[in-house]
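I am opening the notebook on this chain. I want to go through its contacts one by one and write down what I find.

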Amino acid sequence: MKTLRETVAEAIKNKVAVGHFNISNLEALWGIFNAAKKLGVPVIIGVSEGERDFVGVRQASALVKSIRDEYDYPIYLNADHTYSVERVKEAIDAGFDSVIVDGAKLSFEENVAMASECVKYARACGRDVLVEGELGYIGQSSKVLDAIPEGVTLDEESLTSPEVAKDFVTKTGVDMLAPAVGNFHGMLRGGVDPKLNIERIKAISEAIGIPLVLHGGSGNSAEDFQAGIDAGVGIVHINTEIRVAYRDALKKFLQENPDEVAPYKILKSAVSAVENVVEAKLKTFNKIS
Ligand code: G3H
Ligand code: ZN
């Protein structure tokens, strides 16, 4: 079985990206895995701090591991947006393949200090755990938005600078970087977010020479994803679109079947809805027609 590091390196080499999808429960995990298996591509499962609180840190790890082992399948687990060193350590100790240390809201120096401590811990843990750093604020919630999140600005000066990114990567030793390149968490109502800044992605990628991770993928176009991947993105994150598909399918089923009480029947349509969204994204990220 390839490690996540090898899988991402191979994606970068082939100019495709590994899809990263968040879960809050087992149904979403099955929907994501079914889609990946159907296409035969690797996949990363993400759990944010809130999602981890709901699923359980060790339970998320055990669930993903159980699928990886049973199907001998390249499915990986990431501790998405983690805001403290303690919680990064908790995820590493629980067996996660990668962690995101999110100091985007901190000063540059504080961000460097926190990321460096996490890198040190990951290197000493006895497994190959990838550490992703964050540079540039892109909001924090995967939800449907009426406006661009407060604190996020999309003008050129507000995006991550290639020089600062290089300094950050050199000082911390992170394995991957999530920049602000016109992306933001959540999706505008209507489902279409502003275009990504592909030139900036390219400039950052050339400056730092490590894989870029594109967050806030819900609402971005297939053309933008493919251009971003060609410019150096190795992982793309999607959450809001999955949540919307899950909620809508569940709502529809319950409206149409008000007397059904078996959860495994009620939730079947939600699994399929997640699967459909993920399949379409994975086709785009892996350039499968
Ligand atoms: O880390 C999670 C993602 O960046 C998801 O962003 O909800 O805009 O798809 P999204
Ligand atoms: Zn994110």
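**Entry 1**

I looked up E241 to begin with. Its relative accessibility is 18%, so E241 counts as buried, the cut-off being under 20%. This is a predicted model, and I read every value with that in mind.

Which residue forms a salt bridge with E241? I found K281, with the closest N and O atoms 3.2 Å apart. K281 sits in helix α12, E241 in helix α10 (residues 240–256). The two are 40 residues apart, and I noted the pair as a link between distant parts of the chain. Is K281 buried or exposed? K281 has 12% relative accessibility, so I put K281 down as buried too.

**Entry 1: other salt bridges**

I then asked for the total. How many salt bridges does the count come to? The count is 20. I picked out further pairs.

D230 pairs with K287 in a salt bridge, and here the closest N and O atoms are 2.5 Å apart. I checked the accessibility of both partners. D230 is partly exposed at 37%. K287 is partly exposed at 36%.

Helix α9 came up again with D224. D224 forms a salt bridge with K195, and I read 2.9 Å between the closest N and O atoms. D224 is in helix α9 (residues 222–230), while K195 is in the loop between β8 and α8 (198–208). They are 29 residues apart, another link between distant parts of the chain. The burial of the two ends needed a look. D224 is buried, with a relative accessible area of 4%. K195 is exposed, at 64%.

**Entry 2: aromatic pairs**

Next came the rings. I count six aromatic pairs in the structure.

How are F21 and F285 arranged? Their pair is stacked, with 6.4 Å centre to centre and 20 degrees between the planes. F21 lies in strand β1 (residues 18–22) and F285 in helix α12 (residues 268–285), so the pair ties together parts 264 residues apart in sequence. F21 is buried at 0% relative accessibility. F285 is buried, and I read 0% for its relative accessible area.

I turned to F108 and F168. Their pair is edge-to-face: the centres are 6.2 Å apart and the planes are at 65 degrees. F108 is in helix α6 (residues 108–123) and F168 in helix α7 (residues 162–172). The pair links distant parts of the chain, 60 residues apart. F108 is partly exposed, at 22%. F168 counts as buried, at 0%.

One more item on rings: W30, F33, Y71 and Y73 are linked by ring pairs into a cluster.

I traced where two of them sit. H81 is in strand β3 and H185 in the loop between β7 (176–179) and β8 (187–188), 104 residues apart. Both H81 and H185 are buried.

**Entry 3: strand β3**

How many residues of strand β3 (residues 75–82) are buried? Eight of its eight residues are, and I logged the strand as mostly covered.

I followed its pairings. Strand β2 (residues 43–47) pairs with β3 in the parallel sense, over five bridges. Within this pairing I noted N78 in β3 as the bridge partner of G46. β3 also pairs with strand β4 (residues 98–101), again in the parallel sense, over three bridges. Here the bridge partner of A79 is V99 in β4. I then traced the connection. From β3 the chain crosses through helix α5 (residues 85–93) to β4, and I recorded this β-α-β crossover as right-handed.

Notes. Residues are numbered from 1 along each chain as its sequence is written. Chains are lettered from A and ligands numbered from 1 in the order in which they are written. This is a predicted model: local features need pLDDT of at least 70, side-chain atom pairs count only at pLDDT 80 or more; totals for chains, interfaces and linings use all residues. Side-chain values use heavy atoms; hydrogens and water are left out. Buried means under 20% relative accessible area, exposed over 50%, partly exposed in between (1.4 Å probe, protein chains only). Helices (H or I, at least four residues) and strands (E, at least two) are DSSP runs, numbered from the N terminus. Two strands pair if DSSP finds at least two bridges between them. A crossover is right-handed if, with the strands pointing away from the viewer, the path from the first strand over the helix to the second runs clockwise. Rings of Phe, Tyr and Trp (its six-membered ring) pair if their centres lie within 6.5 Å; planes under 30 degrees apart count as stacked, over 60 as edge-to-face and the rest as tilted. A salt bridge is a side-chain nitrogen of Lys or Arg within 4 Å of a carboxyl oxygen of Asp or Glu.
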